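Me: I am new to this structure and would like to go through its charged side-chain pairs with care. Could you show it before we start?

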Amino acid sequence: GDRCPGGFLGKRMARNQLLRGFIILALLAVVSGQFFVNLGDKKKEGGTGAEIDAKKGGSDGSVGPAGGAVADQATQVQEDWAAFIKWFRSNGGIISSKLTVKVRNGRQGVYFKERMRRGETIVSFPRNLRLDEKTAMKGKAGHIFQRLKNEDAFPDLIVILHLVHERSLGKDSFWNPYFSLLRSNYNNIMSLTEPQMKTLLRRPGCENTYNLGVMMRRTFNNFYEYYKKNVETWAPPEFLFSRDDLMWGFNTLVTCGWGQQGGNGDKLMVPFSDIPNHRRESAQKASNRGFISAAKEYQAGEELTFDYGLLNDAVLAYYGQPTPDCRGLKR
């Protein structure tokens with residue numbers, strides 16, 4: 001399409017700079033454990049907190065009695081995990097057979113099935129298995145994303161639409177085994193009502209989290225407005241998405257995406273890197289050569305967690321986006 005006149009383009013670029021700043025703040029908040037909020041549970045840990053929603057049934061347990069729903073959910077999670085492992089390995093990845101996915105106390109996590117010795121490889125990421133602007137351009141809908149890029153759409157917004165589009169394809173999507181392990185709903189600060197936001201503001205020590213929520217809502221609203229005015233008007237039927245669809249894409253990128261703190265729009269998602277929950281100073285060594293090894297001995301039943309701050313630097317370095325401070329990386 002035609003480029004906008006200089007004045008309007010300047011405003012668009014300024015807006016993109018603002019959106020960039022908001023999304024970077026959101027990503028940093030995820031790393032620091034401030035993103036997820038539950039006003040009724042002070043014991044909840046920070047981090048991605050991948051609490052299981054009813055992906056295969058209603059949140060009211062409509063798949064059957066409570067016990068049956070939990071059992072069905074556990075079975076489905078194991079099936080999804082097995083499908084993901086097969087897909088990941090068939091695309092050049094290496095992942096330890098000592099790992100499994102379980103749901104404990106309503107939270108999905110990665111656990112060890114048996115003892116792992118210090119120095120053993122946990123995972124090795126294939127360089128080609130990444131979901132970002134480049135993969136969007138190479139797909140069947142590449143012409144759509146190329147038009148968005150030509151019209152100066154912010155790169156993160158392209159990745160969000162890429163996520164939502166691939167998710168809408170279901171089993172026909174190359175990324176479906178990966179998406180099956182991601183959440184389909186997010187119980188985070190974006191889902192709080194206005195009264196809950198006011199309650200959050202009154203809670204001691206939560207002012208920064210409140211401010212983050214305000215900025216994230218503003219960022220998403222700007223994105224949604226851009227989509228309605230600049231994409232929906234010409235997009236084909238398969239790119240007509242609801243607000244909830246786009247909210248899922250926004251939350252997924254903010255929660256699972258990796259990116260430079262400089263905010264140049266180089267956001268990417270790397271399968272498995274975002275599946276374990278976050279914990280600072282987790283016992284792994286991340287390499288800028290694309291693998292993560294155990295920095296201690298793990299016992300059967302112990303949870304695998306990642307330090308997202310450390311892993312972010314390792315992921316970026318491995319995928320050709322070095323950061324100034326790759327702290328703790330094994331060279």
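Reply: A salt bridge is a side-chain nitrogen of Lys or Arg within 4 Å of a carboxyl oxygen of Asp or Glu. This is a predicted model, in which local features need pLDDT of at least 70 and side-chain atom pairs count only at pLDDT 80 or more, while totals for chains, interfaces and linings use all residues. Residues are numbered from 1 along each chain as its sequence is written, and side-chain values use heavy atoms, with hydrogens and water left out.

Me: How many salt bridges does the structure hold?

Reply: Side chains of opposite charge can pair when their charged atoms come close. For this structure, the number of salt bridges is 11.

Me: How many residues apart in sequence are the parts that R115 and E297 tie together?

Reply: The side chains of R115 and E297 form a salt bridge, at 3.9 Å from N to O. R115 lies in the loop between β3 (107–112) and β4 (121–124), and E297 in the loop between β9 (291–294) and β10 (303–306), so the parts that this pair ties together are apart in sequence by 182 residues.

Me: Which helix holds both K229 and E225?

Reply: K229 and E225 form a salt bridge whose closest N and O atoms are 2.9 Å apart. Helices are DSSP runs (H or I, at least four residues), numbered from the N terminus. The two residues are 4 residues apart, about one turn of the helix, and both lie in α8 (residues 207–230).

Me: What is the distance between the closest N and O atoms of K296 and E302?

Reply: K296 pairs with E302 in a salt bridge. Between their closest N and O atoms, the distance is 2.4 Å.
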